[in-house]
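Here is a short briefing for a reader who is meeting this structure for the first time. Please look over the sequence and the model before reading on.

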Amino acid sequence: MTEGLVLDDPSLLVERCLIGGRFVGDPVEPVVDPATGRTIARVPRLGAEAATAAVEQAQAAFPAWAARTAKERATVLRAWFEQIRAHRADLALILTSEQGKPLAEALGEIDYAAAFVEYYAEEAKRVAGETLASHRADARILVTREPIGVIGAITPWNFPAAMITRKVAPALAVGCTALVKPAPETPLTALALGELAVRAGLPPGVLNIVTGDAAAIGAVMTGHPAVRVVSFTGSTEVGRRLMAQAAPTVKRVALELGGNAPFIVFDDADLDAAVEGAIAAKFRNMGQTCVCANRLYVQDAVHDAFASRLATAIESLQVGPGTEPGVAQGPLINARALAKVEAHVADAVAGGATVALGGRRHPRGGTFYAPTLLIGATPTMRIAREETFGPVAALFRFTDEEEVIAQANASETGLAAYVYTRDLGRAFRVSEALEYGMVGLNTGLISTELAPFGGVKQSGHSREGSHHGLEDYCTLKYVLVAGL
Ligand code: NAD
């Protein structure tokens, strides 16, 4: 059953769903290690019936949970945070085994995921309302923030822990209850987090986790009248569908969707810092992040020097199973992801790009792909227009600021962008002109629980992290207190 997965606490390998405080369902659906192709565990294949039961459990748990004081909820969240931190090594191993990222990155993700729980445990105590100037001398306008109710969360496989806590922690902190549907590729991290939430003392029904038929579970979330928010992180295509499905019940839909990040290097940039940032923004998680640098625009004067330094850095990236010491690049999540990367590279080469490094599958086999550097990419190539989601750095040469801003903005999505320059005026001009929800200035790493993460255009409109991350789960109530 648990082939190859040796945990300090084997009971964290949970193969059942969490509904109403009980672990239920038969483990039938295999969870595969992308590095080996081996089944590491099985989880239930549940559908509409179980999702409906979970929503009802969440609905039943809501009044008592919402009635607790913020401090009481914060104490339980804090205990969950401590549990996650105490089991970070096991959680990271589970994560790497089902997702593929190097163990060091998995540990980083567990800490990042835990940070949202810690942050919202603290922030729950600072949810505030207001008293506004009144239109009547005998009345006062009172505005309060209330928990919206039951929330549905649907998450992707690329950050199996953080994408869950980024939604669930703020929701629970304000008094909502939740049903989570994790990605089918990575349910084990989600279920382990559920087990730790139970150990932390989260009351039954406050957090429910259901694995199985995505469309059926999604239909319950978008259609059930008790669910007040559907919070989704994943592809733009599925986000669009969920938004349409939620229209008949006029549900709030919070979307964190795909990106196609530009990474702009001006000729006055610190090139070593830009190379370091490009490696972080491009190759972290094997290029499978929504904020992944997809188009690297480099100004004429530094183009060749940047290309050669980047090639040296890429060559040093060790490829192998994420559990192997020193590995910086694991396998891609599945054969479909590999096929997309191959198609994008083939399309770029057919369009005139040159392969400076890689450009093929890695000798390790399976879904391993060689870290790749392409020179001479152009705007009509698929790699310019679509999210590649793989370890391929495509270099576009540019001449002036206006031209690169126009090219960077020529995308239907607008999640993250990166700019390297030492000119303060240019830094402000360009970051203001970029139609993106987030800009990294002289850095390739922007994610933190302390800042609002989210996009514009077809990258969605939600914000997760910081105090802004509470808003999706709150509703404003205005009370006119009259006759004073
Ligand atoms: P995906 O859209 O294929 O799947 C995401 C989730 O939606 C999974 O849990 C899946 O099972 C579920 N799903 C699929 N079809 C569904 C349906 N009909 N109804 C309900 N649920 C359904 O995306 P993915 O391949 O898992 O993740 C990669 C994508 O996520 C990329 O586009 C990436 O950019 C994006 N992403 C965005 C952010 C962000 O914060 N903006 C963060 C991480 C990933």
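Which of the 28 residues around the ligand come nearest? They are P156, G218, G234, G258 and C290, where a residue counts as near if its C-beta atom, placed from the backbone, lies within 6 Å of the molecule. This is a predicted model, in which local features need pLDDT of at least 70, side-chain atom pairs count only at pLDDT 80 or more, and totals for chains, interfaces and linings use all residues. Residues are numbered from 1 along each chain as its sequence is written.

**Around the ligand**
- The shell residues divide into 13 nonpolar, eleven polar and four charged (nonpolar being Ala, Val, Leu, Ile, Met, Phe, Trp, Tyr, Cys and Pro, charged being Asp, Glu, Lys and Arg, and polar the others, Gly among them).
- At least two shell residues come from each of α7 (214-223) and α8 (236-246), and α7 gives the most, with three; helices are DSSP runs (H or I, at least four residues), numbered from the N terminus.

**Helices α4 and α5**
- Helix α4 (residues 103-123) packs with helix α5 (residues 162-174) at an angle of about 10 degrees, their axes being 9 Å apart (axes are lines fitted to C-alpha atoms over the stretch in contact, and angles run from 0 to 180 degrees between N-to-C directions).
- That makes α4 roughly parallel to α5, a term for angles under 35 degrees.
- The residues of this contact divide into ten nonpolar, one polar and three charged.

**Confidence**
- The protein has a mean pLDDT of 97, and 99% of its residues reach 70 or more, pLDDT being the predictor's confidence in each residue, from 0 to 100.
- For the complex, the predictor gives an ipTM of 0.96 and a pTM of 0.98.

Notes:
Parallel < 35°, antiparallel > 145°, perpendicular 65-115°, else oblique.
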